[in-house]
Amino acid sequence: MRCEVLVLGAGSAGLAAAVHAAKAAPGAEVLLVERHGYAGGMGTASLVHTFCGLYLPGDGPAVIANPGFATVVAERMIRATGAGPVKMGKVWVLPQHPAEFVRIADELLKESGVKLLYHTEALRAERDGEGWKLELAGRGGIFTVHARAVVDASGDAVFAAISGVAMATTVTDAGSLQRPAYIFGLRGVAEDAEMGLKLAGRLVDGMRRGVLPNGALGLHFRASARAGEFFGTIDLSGAEEGSAYDPLDPRCVSLLESTGREIACAALDFLKAEAEGWAEAYIAQWPVRAGVRESRRWIGRQVITGEEILAGVRHADEIALATWPLEFRETNRGPKLRYPEGDQPAGIPAGCLVPAAAELERVWVAGRCISCDHAAQASIRVMGTCFATGQAAGERAGESVSAE
Ligand SMILES: Cc1cc2nc3c(=O)[nH]c(=O)nc-3n(C[C@H](O)[C@H](O)[C@H](O)COP(=O)(O)OP(=O)(O)OC[C@H]3O[C@@H](n4cnc5c(N)ncnc54)[C@H](O)[C@@H]3O)c2cc1C
């Protein structure tokens, strides 16, 4: 199999990259490789249900910060849910519904002519003339694809690992990684059911009495844009007593999945028995996988830092604006937000999308694993910014093949 541009991973970044690679290289074959059966990544498979980083910060109205792909997705999402942007403290967000995101992604991919390889996992990569040869695993076995350019939108800098290039990536120290979380869908909660602070107090009481596991601390519920539907979010440590959290270790992510479900079931049983309006509640949806905020990321030609984001530093070659505050979630005490000075968004330089290692030619990077430090990742990981880095990486990969 051959293609011009191969995009690895169909999360918010990979989706944008594939659509914009196809736009930048009309007629070229753009292949999107994804291990799940639909696009959207964390925004669909992990049920993350708010688009952050879409809008400019500040006191003004909700204005899209990085027009293009973000504009199209936001317009279609607002049409689908009927819910517009909402001000949360100092920033605008857009509620999004994962089921609608799947449908919108399907539409955009079909309109752009991108070829899909779902249920396919990338295993290995090596140089192939000026491009790349990838080994992919599908249900029928392992097969090969030759690509002239690659965009790594895997979230975990997978292409760096499978191409065997040393020192291409970095990982934050285990104790400082942003914590993962488990999101599930529920229905049957009465309209006037206990929520907010009263519910939080009840959960704390359940933990004190020993009828709820301590992992339920911080469990919170948010109404989806659909009648009678809620999402529950459980903040997890990811580590067993005495061992560190490692999102790249299958034993550790397996623990995330089982612990998330265990806490969700225990909390629901407790609330059904004790909270007003919860008697008929039931779990209607498990995620395909637990949510991982931070894992391995690329070392690029440029590395954007948290300090630059806080200072609102701009770059002549910037490809997008980072508009979300630094959102730290390293402890179980909830998010700690740090806002840029004067609400000025920072620019993400083009070199953050280009691997530093010279042997990684014709590779671009997008999404939560672009080249940045731990603090900057706390801002750039949000989906609005992933759309923008995906769009830019896709355009560059597409232009690289259409220029020849
Ligand atoms: C609990 C939680 C809450 C969050 N809350 C918000 C929020 O409210 N708003 C917001 O905007 N952002 C939020 N985020 C952050 C945001 O959801 C993610 O950072 C963002 O979606 C990342 O997008 P991505 O495309 O870079 O990566 P991902 O969404 O992780 O997509 C990567 C894709 O690559 C695929 N893939 C990986 N490896 C392979 C392989 N070898 N072969 C084939 N496919 C592969 C994966 O299956 C996946 O679909 C949250 C994250 C978490 C975990």
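View 1. Ser154 sits in the loop that links strand 9 (141–152) to helix 4 (158–162). Helices (H or I, at least four residues) and strands (E, at least two) are DSSP runs, numbered from the N terminus. If neighbours within four places in sequence are left aside, the contacts of Ser154 are Leu8, Gly9, Phe159 and Arg368, where contact means heavy atoms within 4.5 Å.

A short note on the model before the next view. This is a predicted model, in which local features need pLDDT of at least 70 and side-chain atom pairs count only at pLDDT 80 or more, while totals for chains, interfaces and linings use all residues. Residues are numbered from 1 along each chain as its sequence is written, and side-chain values use heavy atoms, with hydrogens and water left out.

View 2. With 0% relative accessibility, Ala157 counts as buried.

**View 3. Ala160, within helix 4.** Moving on into helix 4, we come to Ala160. Its relative accessibility is 3%, so Ala160 counts as buried. Not counting residues up to four places away in sequence, Ala160 touches Asp152, Val165, Ala168, Thr169 and Trp298.

**View 4. Ser400 in helix 9.** Helix 9 spans residues 383–402 and includes Ser400. Is Ser400 buried or exposed? Ser400 counts as buried, with a relative accessibility of 18%. A polar atom of the Ser400 side chain lies 2.7 Å from the backbone oxygen of Ala397. Beyond its neighbours within four places in sequence, Ser400 makes contact with Ala149, Arg362 and Trp364.

**View 5. Tyr38 between strands 2 and 3.** Tyr38 belongs to the loop between strand 2 (30–33) and strand 3 (50–51). At 26% relative accessibility, this tyrosine, Tyr38, counts as partly exposed. Its contacts, with neighbours within four places in sequence set aside, are Thr44, Ala45, Val102, Tyr118 and Val288. Try the distance to Arg103 too: Tyr38 and Arg103 are 65 residues apart along the chain, and 9.0 Å separates their C-alpha atoms.

View 6. The loop between helix 2 (69–81) and strand 4 (86–88) holds Gly82. Gly82 counts as exposed, at 64% relative accessibility. Between the C-alpha atoms of Gly82 and Pro95 there are 9.9 Å, and the two residues are 13 residues apart along the chain.

**View 7. Thr259 in helix 6.** Thr259 has its place in helix 6, residues 250–274. This threonine, Thr259, counts as partly exposed at 26% relative accessibility. Thr259 and Ile234 are 25 residues apart in sequence, with a C-alpha to C-alpha distance of 9.8 Å.

**View 8. Asp343 between strands 18 and 19.** Asp343 lies in the loop that runs between strand 18 (336–338) and strand 19 (346–349). Phi of Asp343 is near 55°, a positive value in a residue other than glycine.

**View 9. The whole chain, for orientation.** Zooming out, the chain has nine helices and 20 strands. Its radius of gyration is 21 Å, close to the 22 Å that the globule rule gives for 404 residues, so the chain is as compact as a globular protein of that length. The radius is taken over C-alpha atoms, and the rule is 2.2 Å times the number of residues to the power 0.38. Along the principal axes, the C-alpha atoms fill a box of roughly 65 × 50 × 40 Å. Of the 404 residues, 55% count as buried. Among contacts between residues at least 6 apart in sequence, 75% join residues at least 24 apart.

Terms used: Buried means under 20% relative accessible area, exposed over 50%, partly exposed in between (1.4 Å probe, protein chains only). A polar contact is a pair of N or O atoms within 3.5 Å; within protein, one must be able to donate a hydrogen and the other to accept it, and residues adjacent in sequence count only if both atoms are side-chain atoms.
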